[in-house]
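Colleague: I'd like to learn how to read a structure like this one. Could you take me through it feature by feature?

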Amino acid sequence: MTTIRPATPSDIPLIRSLAYPTFSHTYRSILSAEQLDYMLEMMYSEDSMRRQFADGHHYLLAYADGEAVGYASYNREGESLYHLQKLYVLPTRQGEGIGKRLFDAACSAVGEECPGAAIELNVNRNNSALHFYERMGMTRLRSGDFDIGNGFYMNDYIMGLQL
């Protein structure tokens, strides 16, 4: 059985413990080791995560059989626009519907907070998760190459869904 709960800043160590194996597994064939290390530090350092919570990012944690197995985060970017920042499930638990549960929970939370909102996300153009998001009803809106510093870029599609 999978359960989803909102995370708090006290969950930062748990989220970080999930982030390193999931993020590395997802991007190891797409990004260089140097870019992986840079992005993990940029997005998942203790300071970065504390800033995210302070800036209004909402995290959700997924549990299966009592074990934390995934997480998602989203934030408001406009009057009726939200951004799904992260959605990751441990590689050993992928294919069990946990990602769909996290996606649905994030969309439900956004819909409750702002009925009729749209939600967007960035997905690397070479990430197989692109097909997952299409199955969730998202469509490709545009693409871009985003400078994230240190000479690195995120080469993404921006996908969207009207809730």
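Predicted model: local features only at pLDDT ≥ 70, side-chain atom pairs only at ≥ 80, totals over all residues.

Colleague: Let's start with helices. What does the length of helix H1 come to, and what should it be?

Modeller: First, the names: helices (H or I, at least four residues) and strands (E, at least two) are DSSP runs, numbered from the N terminus. The expected span of a helix is 1.5 Å times one less than its number of residues. H1 covers residues 12–27, so its 16 residues should span 22 Å, and the end C-alpha atoms are 21 Å apart, which agrees.

Colleague: Where is the kink in H1?

Modeller: A bend at a residue is the angle between axes fitted to the seven residues ending there and the seven starting there. In H1 there's a kink of about 30 degrees at Ala 19, shortly before the proline Pro 21.

Colleague: Which residues of H1 are buried?

Modeller: Buried means under 20% relative accessible area, exposed over 50%, and partly exposed in between (1.4 Å probe, protein chains only). For H1, the buried ones are Ile 12, Ile 15, Leu 18, Ala 19, Thr 22, Phe 23, Thr 26 and Tyr 27. H4 has its own buried set: Ile 98, Gly 99, Leu 102, Phe 103, Ala 106, Cys 107 and Val 110.

Colleague: And what covers the buried residues of H1?

Modeller: The cover includes helices H2 (33–44) and H3 (46–54), along with strands E2 (58–64), E3 (67–78), E4 (81–89) and E5 (118–124). Phe 53 sits in H3 and is buried, at 15% relative accessible area. Contact means heavy atoms within 4.5 Å. Leaving aside neighbours within four places in sequence, Phe 53 touches Ala 7, Thr 8, Pro 9, Ile 12, Ile 15 and Tyr 59.

Colleague: Is Tyr 20 buried, exposed or partly exposed?

Modeller: Tyr 20, a residue of H1, is partly exposed because its relative accessible area is 31%. Beyond its neighbours within four places in sequence, Tyr 20 is in contact with Leu 40 and Tyr 44. Tyr 20 and Tyr 44 are 24 residues apart in sequence, with their C-alpha atoms 8.5 Å apart.

Colleague: What about loops? Is Ser 29 buried or exposed?

Modeller: Ser 29, in the loop between H1 and H2, counts as exposed because its relative accessibility is 69%. Now take His 57, in the loop between H3 and E2: that one is buried, at 15%.

Colleague: Which backbone angle stands out at Asp 65?

Modeller: Phi does: Asp 65 has a positive value of about 55 degrees although it is not a glycine. Asp 65 lies in the loop between E2 and E3 and is exposed, with 63% relative accessible area. Asn 150 is another non-glycine with a positive phi, of about 60 degrees. You'll find Asn 150 in the loop between strands E6 (139–149) and E7 (152–162), exposed at 59%.

Colleague: Ala 64 is in E2. What is Ala 64 in contact with?

Modeller: Leaving out neighbours within four places in sequence, Ala 64 contacts Met 1, Thr 2, Val 69, Arg 93 and Ile 98. Ala 64 is buried, with a relative accessible area of 3%.

Colleague: Last one: how much space lies in the largest pocket?

Modeller: Rolling a probe the size of a water molecule over the atoms shows where empty space is left. On a 1 Å grid over the protein atoms alone, a pocket is an open set of points where a 1.4 Å probe fits, with protein on both sides within 12 Å along at least five of seven lines; lining residues have an atom within 4 Å of a point. The largest pocket holds about 1100 Å³. It is lined by 49 residues, and the closest to its centre are Leu 87, Tyr 88, Asn 127, Ala 129 and Tyr 133. E4 gives the most to that lining, with 7 residues.

How values were computed. Residues numbered from 1 in each chain as written. Heavy atoms only, no water. Points joined across faces, edges and corners; volume = space filled by probe spheres on them.
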